[in-house]
Amino acid sequence: MKKLLILGAGTGGTIMANKIRKLLSLDEWEITIIDHQKTHYYQPGFLFVPFGMYSREDVMKPKANFLPMGVELIFQEIDTIRASDNQVVLNDGKALKYDFLIIATGTRVVPEETPGLLGPLWHKQIFDFYTIEGAMALCDFFKTWPGGELVLNIADMPIKCPVAPLEFVMFADAFFVERGLRNKVNISYVTPLSGAFTKPRASKVLGKLLEEKNIHIIPDFYLERVDNEKKVLVSYDEREVPFDCLVTVPVHKGDPMAGRSGLADEMDFIKVHKYTLQNEQFPNIFVIGDAGNFPTSKAGSVVHFQADVLNENLMCAIEGRPLTGSFDGHSNCYIETGFGKGALIDFNYDTEPLPGLFPFPGVGPFGLLKESRMNHYGKVMFRWIYWHILLKGKEMPIDSKMTMAGKKM
Amino acid sequence: MAQKIIAGVTVDVTEEGYLTNPAQWTKEIALEIGKEENVQLTDKHFEVLNFIRDRFAKNETMTIRSVGNSGIIDIKGFYGLFPGAPMKKAAKIAGISKPASCV
């Protein structure tokens, strides 16, 4: 029997298990997926939790529910990948052989990278919303907060879903307007980037939106430490930003297992070819999603588009053909802008987000790079699509390659 | 594609002044761009510049933090050498593309 191992049963691992299961004969292949956590979190939903729009139950389901028959699921921590021996060693010492390996171990927030972040104010006046615990604690805090300096800080790039912090401050604006507290809450967006977003045209549009909502952008701020006593953020060039409530997007890293296995860069992101998704040193290892050092957004949409390419290239590799699939860096994000509206951006490695209509050129129904009610409904509907279509690896009416049709230069 | 004469040599640059062909880079060009950016280059600067050029040639993404973890310099020191926006400034002076890590 030949063996395919998938590390990580999150978005990427689950989609791949569902897709590849249909292509490989179970008479010839054993497919095993390994993860240490039993719960699958709908991570885009974390954004809604602090504002009481989603509960914990809305964003969690058992991982086992989404995996097909014929795929063995092991709950266990992974110790190392011994790539030269084609082996994965689990925490209990057990070694699993593989013919092909898919790594989908994602990324995680590492607040301990920043001195003071996990100080006495952690989950009292300092919160993250990239974990369910942080999002729930912030939800409780907001219930009785009388107002003050609300600071959203991005500690470093890359982060998961680079639009989520923007959505957070726009939701916060709407939330405090609705509570009649907006005049008591000053909202600042403190970022290491030079503007609201990474890509110039989107940055301009989104920057203007923030300005209209009276959210102050403090750009080029690279966080060194958090002073809990003085309640200030301190940057490496010694600027200070005071806060009463700090919402942090901490430094992100890959799985430390990747670093231990000698496959990753300094941030534990696995070195991978950005077009083929193949590891350059070990051609029987492929990487999908946040775990890789791809120069594109760390986001579920990217994983979804990569899955088609990975499926193709893995089959090429298994059948001994040259790899024909090429990932273009396609990313697609709905951006909640508050008050029941949303925006949408669609881009890849080479093309920045442009205005237009999506997914059907000239028709829509979604408008690119502008606010509309329809875009908000797109995001709301997406949770259902995620659980029922996306994770199961079923087809969606969006091509994995970005198209210029419907976009205006 | 825009062109610019730096230190007597015609090089291809982006609108923002980043070299588009790292092979056209020389030490003299670095010194000249450094002056424009108000950075007086020392040997330590060149050690960092060579490191990021090397990483760039290998197609590896870089952030301020990964340079800070490189063993050549820490983040504070990196800020000291290239004040304000060290990654962007260092990339410009090193003759490589504007950092694409911020995606």
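**Exercise 1. How many helices and strands does chain B have, and in what pattern do they follow along the sequence?**

Solution. The structure is a predicted model, in which local features need pLDDT of at least 70 and side-chain atom pairs count only at pLDDT 80 or more, while totals for chains, interfaces and linings use all residues. Residues are numbered from 1 along each chain as its sequence is written, and chains are lettered from A and ligands numbered from 1 in the order in which they are written.

Step 1: take helices (H or I, at least four residues) and strands (E, at least two) as DSSP runs, numbered from the N terminus; chain B then has five helices and two strands. Step 2: reading along the sequence gives the pattern β-β-α-α-α-α-α for chain B.

**Exercise 2. Compare the radius of gyration of chain B with that of a compact globule, and describe its extent and burial.**

Solution. Step 1: the radius of gyration is taken over C-alpha atoms, and the globule rule is 2.2 Å times the number of residues to the power 0.38. For 103 residues a compact globule would have a radius near 13 Å, and chain B, with 13 Å, agrees with this. Step 2: the C-alpha trace of chain B spans about 35 × 30 × 20 Å along its principal axes. Step 3: a residue is buried if 20 or more other C-beta atoms, placed from the backbone, lie within 10 Å of its own, exposed if 12 or fewer, and partly exposed in between; by this count 39% of the 103 residues of chain B are buried.

**Exercise 3. Describe the contact between the chains, and then that between domains 1 and 2 of chain A.**

Solution. Step 1: two residues are in contact if their C-beta atoms, placed from the backbone, lie within 7 Å. Chain A contributes 18 residues and chain B 17 residues to the contact. The side of chain A that touches chain B holds nine nonpolar, four polar and five charged residues, where Ala, Val, Leu, Ile, Met, Phe, Trp, Tyr, Cys and Pro count as nonpolar, Asp, Glu, Lys and Arg as charged, and the others, Gly among them, as polar.

Step 2: chain A is assigned domain 1 (2-106 + 255-318), domain 2 (111-251) and domain 3 (331-390), with bounds from an automatic or database domain assignment. The centres of domain 1 and domain 2 of chain A, taken over C-alpha atoms, are separated by 30 Å. Across their contact, 15 residues of domain 1 of chain A meet 18 residues of domain 2 of chain A, and the domain 1 side comprises nine nonpolar, three polar and three charged residues.

**Exercise 4. Which way do the residues of strand β9 (residues 100-103) of chain A point, and with which strands does β9(A) pair?**

Solution. Step 1: A:Phe100 and A:Ile102 point one way and A:Leu101 and A:Ile103 the other, and all are buried. In a regular strand the side chains alternate between the two faces of the sheet. Step 2: strands pair if DSSP finds at least two bridges between them. Strand β1 (residues 2-7) of chain A pairs with β9(A) in the parallel sense over four bridges, with A:Leu4 having A:Phe100 as its bridge partner. Strand β20 (residues 285-287) of chain A also pairs with β9(A) in the parallel sense, over three bridges, and A:Ile103 stands opposite A:Val287.
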